[in-house]
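Please keep the model open while you read.

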Amino acid sequence: MTVRFTLNGVPVSVECAGSRRLLDTLRGDLGKTGTKEGCGEGECGACSVLIDGEVVDSCLVAVGQVEGRNVLTVEGLAGPDGTLSRLQQAFIEHGAAQCGICTPGMLLAAHVLLQRTIRPSAADVREGLAGNLCRCTGYTKIIEAVLSCTT
Ligand code: FES
Ligand code: FES
């Protein structure tokens, strides 16, 4: 089938089985390799993308489900010229990324949190990122990076 949707603000169409995982379509068919695969079971958040502004595990979504919808991957956080967002820059400056597998999902979850909560506390950030697991950083630097974007 042909699936049409908006990806990072650009209309796209793909020919594939509608049951193909959105994660595989993004990475394999559309070259958006910023989206990572961790568990493949909806547990780790590495594959997080935004669908119509909501954080979703793309390993659990069939591409047919995004027909006509807006999908944002981590690549879409940067400007059209590749300029990193303030949040992406903060992750670099705070050393909030090590292996980087969790980073795209963390960024997207934090992006949504910052859109919805004007001055989040550290507890708010922890809660907002609770669906995203990190094996490397101990979370402290990630939380500091997010909080640095609230002022
Ligand atoms: S790879 Fe999708 S939640 Fe872990
Ligand atoms: S930086 Fe490695 S899992 Fe988070």
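1. Two strands count as paired if DSSP finds at least two bridges between them; strands (E, at least two residues) and helices (H or I, at least four) are DSSP runs, numbered from the N terminus. In this predicted model, 5 strands form an open, mixed sheet in the order β2-β1-β5-β3-β4. The edge strands, β2 (10-15) and β4 (54-57), each pair on one side only.

2. A word on conventions: this is a predicted model, where local features need pLDDT of at least 70, side-chain atom pairs count only at pLDDT 80 or more, and totals for chains, interfaces and linings use all residues. Residues are numbered from 1 along each chain as its sequence is written, chains are lettered from A and ligands numbered from 1 in the order in which they are written, and side-chain values use heavy atoms, leaving out hydrogens and water.

3. Have a look at strand β1 (residues 2-7), which pairs with β2 in the antiparallel sense over 6 bridges. T6 has P11 in β2 as its bridge partner.

4. Which strands does helix α1 touch? Helix α1 (residues 22-29) packs on the sheet and touches β1, β2, β3 (48-51) and β5 (70-72); contact means heavy atoms within 4.5 Å. Helix α3 also packs on the sheet, touching β3, β4 and β5.

5. Finally, α2 meets α3 through L87, Q88 and F91 of α2 and T103, M106, L107, A110, H111 and L114 of α3.

Terms used. Axes fitted to C-alpha atoms, helices over the stretch in contact; angles between N-to-C directions.
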